[in-house]
Amino acid sequence: MQVTETLSDGLKRELKVVIPADDIAGRLDTYLEDLKSKVRIKGFRPGKVPTAHMKRLYGRQAMAEIVSTMLNETTTKVVDERKERPALQPEINLSDEDAEKVLAGEIDLSYTMSYEVLPSFEIGAFDDIEIERPIVEISDEGVMEQVEQIAESNRPFAPKEGKSVKAENGDRVTMSYVGKIDGEPFEGGADENGQLVLGSGRFIPGFEDQLVGVKKGDETVVTVKFPDDYHADFLAGKEATFDVTVKDIEAPGELVVDDEFAKGLGLESLDKLKEIIRGQIESQFGQATRTKVKRQLLDKLDERYDFPLPEKLVENEFDNIWRQVLADMERAGKSFEDEGADEEATKADYMKIAQRRVRLGLVLSEIGETNKIQVSDEELQRAMYEQVRQYPGQEQQVFEYFQKNPAALAGLRAPIYEDKVVDYLLELAKVTDKVVTKEDLLKADEDEDEAAEA
């Protein structure tokens with residue numbers, strides 16, 4: 001095998017590889033010799049088929065397998081001998097015309113392989129990284145506020161007696177309704193026994209206000225406009241009418257938060273309910289704190305490292321991001337013009353995000369490899385079980401999917417690996433706590449979802 005480097009430009013490499021035809025012919029003879037003892041051909045005893053006859057019957061098929069195998073073997077061998085780390089699988093270029101001649105045994109196997117290598121960079125120390133960890137102090141009053149919200153959702157109601165009794169804020173109205181846009185009912189806009197506590201703010205703005213003063217048996221039309229940012233894109237910003245029939249009006253009963261209330265929820269005491277609520281709040285705030293700390297760390301790493309990036313990796317990452325952007329816009333029925341955005345400028349912004357993700361991915365990977373950080377089989381199994389739990393009744397199919405798809409399994413491994421590397425770095429960094437308000441902790445940073453990802 002002869003290897004000649006034809007391009008070495010930055011991270012780009014191109015090599016010409018030549019494998020003599022005699023080497024391939026020798027591999028073919030060995031292949032056919034082994035095949036002789038396995039095939040049964042009419043008119044010949046096992047193992048006694050002439051080689052020339054074997055070549056006529058199986059030569060082309062055998063050559064195709066041999067050439068394919070040798071391409072894989074030599075590509076791997078060349079990269080290993082050069083001690084290089086390709087960013088992606090090398091691209092093999094072999095013309096169809098040459099391939100036909102190689103299969104016919106007429107010429108040497110000559111091909112070019114192109115690839116980009118992973119950049120080399122110094123990791124350095126991390127004990128000078130400073131991280132501010134935002135935390136919220138959970139007060140007894142905050143816990144009790146959550147308990148009262150639960151109690152409010154379980155408040156008892158009693159029917160209001162009398163035909164002339166009118167609904168007031170705080171009353172619960174049972175009704176049937178049909179929502180329409182331009183006179184046509186829309187999906188999800190109807191209910192036969194919908195219940196609504198007036199003044200709770202659960203329905204579209206303006207809906208509840210128009211029910212104040214209605215009586216049992218009333219039929220009325222409520223006109224509202226869906227908010228521009230409504231979660232259902234096909235309703236956002238649209239004006240709608242609701243044909244409403246009032247079936248019942250109930251007044252709120254007394255709200256008592258005590259041990260008996262907690263027992264009604266299946267708990268032994270009010271203190272136990274408070275304990276559970278405190279744990280839920282801690283978990284919620286803990287996740288928010290983790291997100292902001294990780295964002296700070298990745299920002300620090302992004303500022304610290306600057307090295308050439310493999311173009312193909314960046315292009316692949318950008319393509320994934322851009323496909324998602326276009327899919328989201330299509331689902332929303334919007335265009336760049338609707339958003340007042342320039343498509344080319346938007347592409348440039350997302351290209352920067354793609355470059356950031358690739359850079360941080362390479363940095364975290366290098367840190368993990370250098371410090372021998374690994375994802376255990378047990379951790380991977382837990383992640384798989386979490387996925388399985390999301391598809392009740394299809395557990396076996398999900399398991400088989402991950403077993404048969406290494407890429408899907410790698411997709412489970414990647415975020416676990418990243419988090420373990422982040423944890424390792426946070427142990428080395430200077431992390432100081434800062435008490436913040438709940439609102440500040442839960443406030444999302446601009447573009448946090450896109451930029452924070454490695």
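Tutor: Happy to! A salt bridge here is a side-chain nitrogen of Lys or Arg within 4 Å of a carboxyl oxygen of Asp or Glu. In this predicted model, Arg290 and Asp423 make such a pair, with their closest N and O atoms 2.5 Å apart.

Student: Which parts of the chain does that pair link?

Tutor: Distant ones: Arg290 is in helix α6 and Asp423 in helix α11, 133 residues apart. Arg290 is partly exposed at 26% relative accessibility, and Asp423 is partly exposed at 35%.

Student: Which residues are in a network with Arg290?

Tutor: Lys294, Glu418, Asp419 and Asp423 are linked with Arg290 in a network of salt bridges.

Student: And how many salt bridges does the structure hold?

Tutor: It holds 35. One of them joins Arg27 to Glu73, with the closest N and O atoms 3.2 Å apart. Arg27 sits in helix α1 and Glu73 in helix α2, so this pair ties together parts 46 residues apart in sequence.

Student: Switching topic: where is the kink in α2 centred?

Tutor: On Tyr58, with an angle of about 70°. The end C-alpha atoms of α2 are only 38 Å apart, whereas a straight helix of its 32 residues would reach 46 Å.

Student: What comes just after α2?

Tutor: Lys83, which takes a positive phi of about 55°. In the loop between α2 and β3 there is also Arg85, which forms a salt bridge with Glu366 at 3.4 Å between the closest N and O atoms. Glu366 lies in helix α8, so that pair ties together parts 281 residues apart in sequence.

Methods. Residues numbered from 1 in each chain as written. Predicted model: local features only at pLDDT ≥ 70, side-chain atom pairs only at ≥ 80, totals over all residues. Heavy atoms only, no water. Helix = DSSP H or I, 4+ residues; strand = E, 2+ residues; numbered from the N terminus. Expected span 1.5 Å × (residues − 1). Bend = angle between axes of the 7 residues up to and from the residue. Buried < 20%, exposed > 50% of the residue type's maximum accessible area, 1.4 Å probe, protein only.
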